[in-house]
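Q: I am new to this structure. Can you show me how to read its features one by one?

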Amino acid sequence: MKELLQKSAEQLQKPSKKSTEEFVQKSEKLAAEMNRIMTARKDVVKMVGENNLSMMEDNHRNHARFLSSVFTNFQPTVLVETVLWVYRAYRAHGFNLSYWPAQLDQWVELFKSELSEDCFKEIYPFYNWMIINQPAFVIESDKVLADGEIPKH
């Protein structure tokens, strides 16, 4: 499964310098808006756990920083390993599987309204890749979580 994730990630095209710069420039604002939207959801506690709102907010800020890094210096292996680590680590801390589809869909909606059309077209494939591969991320994270480990990165 992990090998398939790697092969599919290798098919992604690094965004242009212009789109990467736009994303990096707007990433803090995007993360702040993401936090505002997600904390306002009625189902947020069900998705992230009783005491994990600040962890979720940190995740959104780290997500924006990480993707800025991915777009700047695309390395498919780093993308795959980091996404798998995030699934394992946050699930170990009580995040529900419903969080990731909600989060990824919300990022996409934000990007549609906050990024230029060209930038959106270049970064959307990375989000589409994360969205369509959620079942694989769950399967891979289940393997580690079954051992009772909290993953280290």
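Q: Where is the place of Asn 52?
A: Start with the helices. They are DSSP runs of H or I with at least four residues, numbered from the N terminus. Asn 52 sits in the loop between helix H3 (44-48) and helix H4 (53-72). This is a predicted model, in which local features need pLDDT of at least 70, side-chain atom pairs count only at pLDDT 80 or more, and totals for chains, interfaces and linings use all residues. Residues are numbered from 1 along each chain as its sequence is written, and side-chain values use heavy atoms, with hydrogens and water left out.

Q: Does Asn 52 count as buried or exposed?
A: Buried means under 20% relative accessible area, exposed over 50%, and partly exposed in between (1.4 Å probe, protein chains only). Asn 52 has 11% relative accessibility, so Asn 52 counts as buried.

Q: Which residues does Asn 52 touch?
A: Contact means heavy atoms within 4.5 Å. Not counting residues up to four places away in sequence, Asn 52 touches His 93, Gly 94 and Phe 95. Gly 94 follows H5 and has a positive phi, near 105°.

Q: What span should helix H5 have?
A: The expected span is 1.5 Å times one less than the number of residues. H5 (residues 76-92) has 17 residues, so H5 should span 24 Å. The end C-alpha atoms of H5 are 24 Å apart, which agrees.

Q: How many residues of H5 are buried?
A: The count is 13 of the 17, so H5 is largely enclosed by the rest of the structure.

Q: How are two packed helices described?
A: By the angle between their axes and the distance between the axes. Axes are lines fitted to C-alpha atoms, for helices over the stretch in contact, and angles run from 0 to 180 degrees between N-to-C directions. Under 35 degrees counts as roughly parallel, over 145 as roughly antiparallel, 65 to 115 as roughly perpendicular, and the rest as oblique. Take H4 and H5: their axes come within 12 Å and cross at roughly 175°. H4 and H5 are therefore roughly antiparallel to each other.

Q: Which residues make the contact of H4 and H5?
A: H4 brings Met 55, Asn 59, Phe 66 and Val 70. H5 brings Val 78, Leu 79, Thr 82, Val 86 and Tyr 90. Now sort them by class. Ala, Val, Leu, Ile, Met, Phe, Trp, Tyr, Cys and Pro count as nonpolar; Asp, Glu, Lys and Arg as charged; the others, Gly among them, as polar. The contact of H4 with H5 has seven nonpolar, two polar and no charged residues.

Q: At what angle do H5 and H7 cross?
A: The axes of H5 and helix H7 (residues 117-132) cross at roughly 45° and come within 12 Å. That makes H5 oblique to H7. On the H5 side, Leu 79, Val 80 and Val 83 meet Phe 126, Trp 129 and Met 130 of H7. The residues of this contact are six nonpolar, no polar and no charged.

Q: At what angle do helix H1 and H5 pack?
A: Helix H1 (residues 2-9) and H5 pack at about 130°, with axes 9 Å apart. That makes H1 oblique to H5. Lys 2, Leu 5, Gln 6 and Ala 9 of H1 meet Pro 76, Thr 77, Leu 79, Val 80, Glu 81 and Leu 84 of H5. This contact divides into six nonpolar, two polar and two charged residues.

Q: Where does Ser 116 lie?
A: Ser 116 is in the loop between helix H6 (99-114) and H7. Ser 116 is partly exposed, at 30% relative accessible area. Leaving aside neighbours within four places in sequence, Ser 116 is in contact with Glu 22 and Lys 26.

Definitions and conventions. Helices (H or I, at least four residues) and strands (E, at least two) are DSSP runs, numbered from the N terminus.
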